[in-house]
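Please open the model in your viewer and keep the sequence panel beside it.

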Amino acid sequence: MYKIAVAGTGYVGLVAGVTFAEVGHQVACVDIDEEKVKVMKSGVSPIYEEGLEKLMQKNYAAGKLDYTTDYKTAYKDVDAIFIGVGTPEQADGSANLSYIATVARQIAETIENDCLVVVKSTVPIGTNDKVEQFIQDFLVHDVRVEVASNPEFLAQGSAVHDTLHAARIIIGAESKWAEDRLMSIYEPFKLPIVSVNRRSAEMIKYASNDFLALKISYMNDIANLCELVGADVQDVAKGMSFDERIGSKFLNAGIGFGGSCFPKDTKALENLARQNGYDLKTVKAAIDVNKGQKTLLYKKASKRLITFSGLKVAVLGLTFKPGTDDLREAASLENIPLLLEQGADIYAFDPVGAKNFEKVHPEGPNGKGTITYVSNVEQALQDANVCFVFTEWEEVKKVTPKKYKNLMRTPLVYDGRNIHDVLEMEKAGVEYHSVGRPSTS
Ligand code: NAD
């Protein structure tokens, strides 16, 4: 059993802290957000992730897990501190490392024990070297401190499962001491461990994320071409997926990737390449394709309709993907302002994302258009003139073609996630437009 502190209780930090406690370690989760800490202490998860709240309550009750804003006490005498604070995108695409720097300084000034500092946040290659130097520079007590890289690969919506059943744990260490300690912290997870040097570990994270982003953008590019030449991207993907070299995952065409990782990590790597005098053409192309894809539905619908003014617009799904209440870089955030700007009256359904969306968009810009949050798909679709599908929630996937036809004033559907069968929609008399597939009229 190790005594561990985790800095930052977002998706990465909180899930790491909770799962470390679950496998037997003693964990203190530290955050600067007092409200968040209060909520967590009351047994409520500040984020929506399946299974997380149960594990929080169980391990908190067992005394293996605690939450605090008092970093001084939490960091003082632990064996390892995991850093899971944000590294958001800056205007030039580079990663903002100020949160990491703050935690590094706090660690340097408080630790009184030999301690392994583990950077879980996604950071540009070379950052771990700087963090170690920074901590050494500000170290108050005479203790051994080293920094290891341990990038996180969880996907929001399945974060707890992904952590407990990870395909691999990446460890980037520069000494046997650091490698051994991190390996032994992860030993109870019984998962494959890949141990490399720090810079390679940092690069594995970006190379993996950006490869997935590229795969998505490639399929979206192919989807756009499919539309022009009369092919069906879903059939194309199915045919491709039998090739083991390609695999069957991440071949779904749609309105692009969102979330807190792919958009930021593609831009950060592209920026890092540029700083090093290298033109990372493939990743640049992935960013470019994604940008165009985000507003594809709005552009398609604008060609079909004279105006959105005064139209009842049903929006199904607000979050960047199902299973999360996270809105970061969601397609809804780009399309809804355009619709409101035109004076649309939006009726939006999302099983968990409406509250967060309301915080960002309480009403239409310049007082134009309106947005009403409803609690089921039927309310959104009732008498709607047009419907947009932005997120493939189960509740949305279950909507039958008949339902669109019967509830909507005009059964006109723009589906950004290709969740419905084109022929079924046609048979039901729904005008249906999706991505990379034939439209019905
Ligand atoms: P987040 O924004 O959800 O959470 C960050 C948390 O850190 C916040 O609660 C914030 O209050 C807290 N914080 C800020 N400064 C602090 C300090 N000095 N001490 C303690 N807490 C502090 O972030 P996230 O989505 O969990 O991402 C964290 C990192 O992990 C990023 O680098 C991200 O790229 C990476 N990552 C994220 C995911 C994901 O799916 N979200 C997956 C893999 C990697």
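Is Lys 264 buried or exposed? Select Lys 264 and show the C-beta atoms around it: Lys 264 is buried, because 23 other C-beta atoms lie within 10 Å, and 20 or more are enough for that label. The residue belongs to helix 11, and once its neighbours within four places in sequence are set aside, its contacts are Pro 88 and Glu 89.

Before going further, bear in mind that this is a predicted model. The average pLDDT of the protein is 96, with 99% of the residues scoring at least 70, and for the complex the predictor reports an ipTM of 0.99 together with a pTM of 0.92.

**The domains**

Colour the chain next by its three ranges, which are domain 1 (3–196), domain 2 (205–292) and domain 3 (295–433). Between domain 1 and domain 2 the C-alpha centres are 30 Å apart, and the contact between these two domains draws on 12 residues from domain 1 and 10 residues from domain 2. If you colour the domain 1 side of that contact by residue class, you will find six nonpolar, four polar and two charged residues.

**Around the ligand**

Now select the ligand and display the shell of 26 residues around it, of which Gly 8, Gly 10, Tyr 11, Val 12 and Ser 121 come nearest. Two elements, helix 1 (11–22) and helix 5 (98–110), each give two or more residues to this shell. By class, the shell is made up of 10 nonpolar, 12 polar and four charged residues.

Why does Thr 122 count as buried? The reason is that Thr 122 has 23 C-beta neighbours inside 10 Å.

Cys 261 lies in the loop between helix 10 (233–241) and helix 11 (262–275), and it counts as buried because it has 24 C-beta neighbours inside 10 Å.

**Ile 125 and its partners**

Return to the loop between strand 5 and helix 6 and select Ile 125, which counts as buried with 21 C-beta neighbours inside 10 Å. Which residues does Ile 125 touch, not counting those up to four places away in sequence? They are Arg 199, Glu 202, Met 203 and Leu 272. A distance drawn from C-alpha to C-alpha between Ile 125 and Arg 274 comes to 13 Å, across a separation of 149 residues in sequence.

**Two residues with positive phi**

Most residues other than glycine have a negative phi. With that in mind, select Phe 250, which is not a glycine and yet has a positive phi of about 60°. Phe 250 is in the loop between helix 10 and helix 11, where it is partly exposed, with 16 other C-beta atoms within 10 Å.

Asp 383 likewise is not a glycine and has a positive phi of about 60°; look for it in the loop between helix 16 (377–381) and strand 12 (386–389). Asp 383 is exposed, with 11 other C-beta atoms within 10 Å.

**The last stop: Lys 312**

From Asp 383, step across to Lys 312, for the two residues are in contact. Lys 312 is in strand 9 (residues 312–316) and counts as buried, having 22 C-beta neighbours inside 10 Å. Its contacts beyond four places in sequence are Asp 345, Tyr 347, Asp 383, Ala 384 and Asn 385. To finish, draw the C-alpha distance from Lys 312 to Asn 385, which is 5.4 Å for two residues that are 73 residues apart along the chain.

Note on methods. Residues are numbered from 1 along each chain as its sequence is written. This is a predicted model: local features need pLDDT of at least 70, side-chain atom pairs count only at pLDDT 80 or more; totals for chains, interfaces and linings use all residues. A residue is near a molecule or strand if its C-beta atom, placed from the backbone, lies within 6 Å of it. Helices (H or I, at least four residues) and strands (E, at least two) are DSSP runs, numbered from the N terminus. Ala, Val, Leu, Ile, Met, Phe, Trp, Tyr, Cys and Pro count as nonpolar, Asp, Glu, Lys and Arg as charged, and the others, Gly among them, as polar. Domain bounds come from an automatic or database domain assignment. Two residues are in contact if their C-beta atoms, placed from the backbone, lie within 7 Å. A residue is buried if 20 or more other C-beta atoms lie within 10 Å of its own, exposed if 12 or fewer, and partly exposed in between; C-beta atoms are placed from the backbone. pLDDT is the predictor's confidence in each residue, from 0 to 100.
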